[in-house]
Amino acid sequence: MKYPEHFDVIVIGGGHAGTEAALAAARMGTKTLLLTHNVETLGAMSCNPAIGGIGKGHLVKEIDALGGIMGRAADVSGIQFRTLNASKGPAVRATRAQIDRQLYKVAVRRAIESQANLQLFQQAVDDLIVEDNRVIGAVTQSGIQFYAHSVILTAGTFLAGLIHIGLSNYQAGRAGDPPAIALAHRLRELPLRVDRLKTGTPPRIDSRSINFTELVPQHGDTPTPVFSFMGDISHHPRQVPCYITHTNERTHEIIRSGLDRSPLYTGVIEGVGPRYCPSIEDKIMRFADKSSHQIFLEPEGLDTFEIYPNGISTSLPFDIQLGLVRSMKGCENAHITRAGYAIEYDFFDPRDLKPSLETKAIEGLFFAGQINGTTGYEEAAAQGLIAGLNAGLFVQDKPAWTPRRDEAYMGVLVDDLITRGTNEPYRMFTSRAEYRLLLREDNADLRLTAKGRELGLIDDVQWQAFEEKQEAIIKEQQRLAGIWVRPDPQLAEQLGTELRREVNCMDLLRRPEMTYDKLRQLPQLAPAVADPKVAEQVEIQAKYSGYIERQETEIARSRRYEEAQLSPDLDYSKVLGLSAEVRQKLTQHRPTSVGQASRIAGVTPAAISLLLVHLKRQP
Ligand code: FAD
């Protein structure tokens, strides 16, 4: 049956990529349909109940700065908030929250259901309708044909998903959900490179069977961080602690005794797993000299007894899982509610994508999330937002937009994927960004919200709040530059700085020992700004202005490369002087700019100069 209405954008999959994609496309005013297996699992967290962390928190703030849902949903469902790297510089500080899974899903579903221009439909998609290398729709399991101008595929770990527990395995998308087998077959017919990856999750434990009195609690931070620029700690639910336990020699012995039945160590699993989130069996083997690993016992929510033991992801047989859990302090009588498992799934080589996340081979078909070789909710959501936005622009016949590497971690993420590809699940780190000082969590709104507004992603409420904040920052900077402090030994001692000559407050704030809070002691400053986010921004911008300017100069220099566009039909055999190897790499990758070409492994600076000469010679 052909569905009577035609859509602008169809999003397949209601995970973290799919929900952000659908919301972004709909916010832009395009008529959007979200097709997913099960409406009850919209925004479901397949693995750890946590959002944010180093590099990932930056992505959440950027998603929020572009009007996305992840930060707001985390604020209303976060049950323990922390600022990681709090003692380090602002560039690497990162927000992380323990999440109540149910509250998170409720927040995402509410956002989806109250979004204008967005319709939901529950059913598996088995097929794509492709005509003349252009996607025009999707077909569900029961044969309903939905037509659209563009389709975004966000199938996560579901494509030909295969779950392993010990040496037994079965097909599934994740525990409790069906796999996408028909769609995986169909996708393998398309001219896209496909491979297998794997990821894993730990067993869950009933908290009533844990003896917490023996364990060290870990509480959230005060002041409590928030994710959304529109957020407030009053949005947070009740806060609870996590607990820490450890593996020990006995645990490691039990794990080693099960390796002959491990799908990882007997070669049953072929897909590559996440290097930065290894299974406990992997950790024991790789770090054989370590006699203990720290394990966080994290609550899965406020209304459940389930505990997520962070650090013991495993696909060992169940008897070994039970033994290893019970060997840890506090867990001697633990009852496992769900077994840990590994899952293998199909992913597509992201080098076959344009910066907009549209596939190069099939016009109008976009990929976002785990399907592109990434791991993590935040990485998926960031790609979803970029794909949703670009599908919207595609439908509106407008040029695509993806932030550059110097504008956002999202830009780093997309550029890394489409330029270098990945042969293991890719996760974000601050070390992946070359302009870390500019790409801070605290200024994500200042970097992106104006662009988001221009693209149609930001509603009036968020825009007004942003404009007010921006205005308040500028006003305060100007005011501080006009407030002068006379030499005064007593005041100097009070402020903990030197005051030998007259100095204005802006210059005072630039000193390493000064903070905005210390400045509040000056009677001349009254009334100081009340909004801590404005004060924080004024302080960070003052302190790091020298470094920031230096990075900006560097960026301006490299922009020449980023702005030099390379045509998709460029004949690299006509570029004089290129080696056969470089020519082959460029022909295969088809970079969109000289900047992107320069980041392809093996493309030398000499080759880049030849490319620039070639471009100059073109009429
Ligand atoms: P998903 O969240 O998987 O969502 C996919 C959605 O698509 C689902 O709603 C599904 O029902 C729907 N769908 C799929 N196929 C179809 C179809 N044919 N028709 C209709 N709907 C369809 N991340 C980490 O950061 N650290 C970890 O340690 C970690 N471990 C993990 C362990 C396991 C076992 C699993 C399953 C995932 C793990 N993840 C981990 C990954 C994390 O869950 C994903 O990165 C994230 O959920 C990806 O988001 P996504 O939107 O791409 O896909």
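Reader: Where is Gly13 placed in this model?
Author: Look for the elements on either side. Gly13 sits in the loop between β1 (2-12) and α1 (16-27). Keep in mind that the model is predicted.

Reader: Is Gly13 buried or exposed?
Author: Count C-beta neighbours; 20 or more within 10 Å means buried. Gly13 is buried because 30 other C-beta atoms lie within 10 Å.

Reader: Which residues is Gly13 in contact with, leaving aside neighbours within four places in sequence?
Author: Gly18, Thr36, Leu153, Thr154, Ala155 and Gly156.

Reader: And Gly14: where is its place, and is it buried or exposed?
Author: Gly14 is also in the loop between β1 and α1. It has 28 C-beta neighbours inside 10 Å, so it counts as buried. Beyond four places in sequence, its contacts are Thr19, Leu34, Thr36, Thr41 and Leu42.

Reader: What does the UniProt annotation "binding site" cover?
Author: In the unreviewed UniProt entry, that annotation covers Gly13, Gly14, Gly15, His16, Ala17 and Gly18.

Reader: Now a helix. Which residues of α18 are buried?
Author: α18 spans residues 580-589, and Val582, Leu586 and His589 are buried there. Look down the helix axis: these buried residues fall within an arc of 75°, so they line one face of α18.

Reader: Which residues are exposed on the other side of α18?
Author: Ala580, Glu581, Thr587 and Gln588.

Reader: What covers the buried residues of α18?
Author: The cover includes α19 (594-598) and α20 (605-617).

Reader: What follows α18?
Author: Check the backbone angle here. Arg590 comes after the helix, with a positive phi near 50°.

Notes:
Residues numbered from 1 in each chain as written. Predicted model: local features only at pLDDT ≥ 70, side-chain atom pairs only at ≥ 80, totals over all residues. UniProt positions renumbered as here; feature names shortened; annotations may be inferred. Helix = DSSP H or I, 4+ residues; strand = E, 2+ residues; numbered from the N terminus. Buried ≥ 20, exposed ≤ 12 C-beta atoms within 10 Å, placed from the backbone. Contact = placed C-beta atoms within 7 Å. Arc of directions from axis to C-beta.
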